[in-house]
Amino acid sequence: MASPKEGFLTDEQREVLKIAAQNAEVLSSSPRSPTTLLFPEHHSKGGAGGKASSCMRHMRRTHSGKLVRVKKDGAGGKGTWGKLLDTDSNSCLDRNDPNYDSGEEPYELVGATVSTPFDDYKRSVLTIIEEYFTTGDVELAASDLKDLGSDEYHHYFVKKLVSMAMDWHDKEKEMASVLLSALYVDVISSAQISQGFVMLLESVDDLALDIVDAVDVLALFLARAVVDDILPPAFLTRVKQMLAESSKGFQVIQTAEKSYLSAPHHAELVERRWGGSTHITAEEVKKKIAYLLREYVQSGDTAEACRCIRELGVPFFHHEVVKRALILAMEIPTSEPLILKLLNEASEECLISSSQMTKGFSRLAESLDDLSLDIPSAKALFQLLAPRAISEGWLDPSFLKLASADGEGEDEEYNKLRRYKGEVVTIIHEYFLSDDIPELIRSLEDLAIPEYNSVFIKKLITLAMDRKNREKEMASVLLSTLSMEIFSRDNIVNGFIMLLESAEDTALDILDASNELALFLARAVIDDVLVPLNLEEISSKLPPNCSGSKTVHMARSFVSARHAGERLLRSWGGGSGWAVEDVKDKITKLLEEYETGGDVGEACQCIRDLGMPFFNHEVVKKALVMAMEKKNDRILDLLQECFSEGLITINQMTKGFSRVRDGLDDLALDIPNAEEKFRSYVEHGRKHSWLVPSFSAAVPSPDATAT
């Protein structure tokens, strides 16, 4: 039976194993000793017992049956390289050995840093920035940044771009600002740009160690970002509160506010600070696009038009070219073939990319309701243009699927809403011309669709933002009146939410939309149309970090500022900021001065200086009452001059007469012939076209009761 060490082997297997072991030990002898030494005498010299057996243990039989003596352990003798299968842990490898194998070397663990996605991103953007400063290719930089596919790290790109440019020449500083403006929204979100500048402000102390004028240069970058509308003005106020007053970041914001953004004509100065910038504002680009398209329609030179588009150097803004070209085709039907030819050619030359083409069509589709007010057939024309563009291969077919999905919602409710929008736009335009709030309220009541009151709020403020300060002031005054008359606070809150949700689209057409909308919100709080808690409610219903949320934050800053009430009432230059009683007192004094021999031109200027055209009906009322009391019809000459100059509109004049008519019973107590005088003034007003034609029927009979 086999021993435990030998395992379960047969006699034949043990014999084979024994011979294999003998062969291995013979083969392990050194090649430097080719002759095998035989020691047959050891049998005779060996004694009995342990010594003899020990001697025999070191004897091995060759294949021929002869015995040979080998060193103990069978390896390591002089001139040998050891056993064939030497596993001695103390043995060392000889690199000079012809059979040396480096794989037999002991393993050595070497520490290595694991590369994270952020580390890869940092290395990549460094290359992108260096290449951009060399080539100046905005489109290539934008494409490379998109290809990285790491949008969540773009704040680092903003920081790295600006910090590298700060240590370069003015040319690179200008290039950095242009690139940020180009990447804004399409590649880098507003939140990422804000975060990048926050990181710069936090690290400016370190930057100042290498860049002597770091505070001033970063302040200029901040001001340029505000001027280029990639940072809202409220950003400075918000971040200022986060920084210690002793920090250089705080100094940067102070420098930006006081040295750059508060200076006269600051926008132009900031844009030209780095040596005659070739960068142009969005408004200038829009004007150039409109001009080149009209020139193209007249000349029909497609190559020249493409050259002009290319020279604009704003490939990220080509969607504006598409939108304006399509609108022009709708306005001038004869130009449609030329416009479609230009867009097709621009697409084939890769001048206008597929994404920019789709974006242009999408922007136009979103504005079709408003466009239909000026071009009634706009929607029908657009539905013909889009399929044709797809069939000719210069518009992505996916656009039509999206448009079809949207079109399925055009049911009766949609048509009802569209009609309502058209009617309220007309009502609002008439109000801006007439200043007649009661007439506007009557028009809204006639529509009898209170569920659309929020839509009216959105339309009112959107139209006012695109007009002058006078209309903005009138919109705020109207909002205050409507909140007391027919609109609930929920209507107004929902209207502002709708405005804020579409703030980014509005900003494409109205340069300072975010700031203007924040002023409307803040003014609504000051006028008690909204309460401060409503701002929190509005903010909670908007996506975080969106443009609308930042606008609400800006409005909170306006409301919480010192002397907020007075500043906001004067925000558009048209509001006086005075109490109604103060205005009435000023009107009385200017009329008394004129009645006692004052100059008509000076009196008109005083009325103009009040800055409250929507309150001129008070001038009319007080002038008529004073004419009755003083028995001096000279005051009517002042009304005639105001009407001739357009200082007092027909609606304001009619409203003033109406107020006198409504108070005739009270006036008769002090002026017995008040009604007779009033009738003569009405005839005078009708003769000089002061009053609306329907007013004559509204004059009460002598026995009528005042309302």
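**Buried charges, ring pairs and a core**

Trainee: Lys472, buried or exposed?

Mentor: Lys472 is buried, at a relative accessible area of 6%. Buried means under 20% relative accessible area, exposed over 50%, and partly exposed in between, with a 1.4 Å probe and protein chains only. This is a predicted model, in which local features need pLDDT of at least 70 and side-chain atom pairs count only at pLDDT 80 or more, while totals for chains, interfaces and linings use all residues. Residues are numbered from 1 along each chain as its sequence is written, and side-chain values use heavy atoms, with hydrogens and water left out.

Trainee: Which side chain does Lys472 meet in a salt bridge?

Mentor: Glu516, at 3.0 Å from N to O. A salt bridge here is a side-chain nitrogen of Lys or Arg within 4 Å of a carboxyl oxygen of Asp or Glu. Glu516 sits in helix H27 (residues 513-526) and Lys472 in helix H24 (residues 469-485), 44 residues apart. Helices are DSSP runs (H or I, at least four residues), as are strands (E, at least two), numbered from the N terminus. Glu516 has 11% relative accessibility, so Glu516 is buried.

Trainee: How many salt bridges does the count come to?

Mentor: The count is 25 salt bridges. One of them joins Arg224 to Glu174, with the closest N and O atoms 2.9 Å apart. Arg224 is in helix H9 and Glu174 in helix H7, so the pair ties together parts 50 residues apart in sequence. Arg224 and Glu174 are both buried.

Trainee: Switching to rings. How many aromatic pairs?

Mentor: The count is 13 aromatic pairs. Rings of Phe, Tyr and Trp (its six-membered ring) pair if their centres lie within 6.5 Å; planes under 30 degrees apart count as stacked, over 60 as edge-to-face and the rest as tilted. Phe118 and Tyr156 have ring centres 5.5 Å apart and planes at 80°, so that pair is edge-to-face.

Trainee: Which residues form a cluster through ring pairs?

Mentor: Phe118, Tyr121, Tyr153 and Tyr156.

Trainee: And the largest nonpolar core, how many residues?

Mentor: The largest core has 62 residues, and those with the most contacts inside it are Phe157, Phe197, Phe221 and Leu222. A nonpolar core is a set of buried Ala, Val, Leu, Ile, Met, Phe, Trp, Tyr and Cys residues joined through side-chain atoms within 4.5 Å. H9 gives the largest share of this core, 12 residues.

Trainee: What is Phe221 in contact with?

Mentor: Leaving aside neighbours within four places in sequence, the contacts of Phe221 (heavy atoms within 4.5 Å) include Val162, Met166, Phe197 and Trp274.
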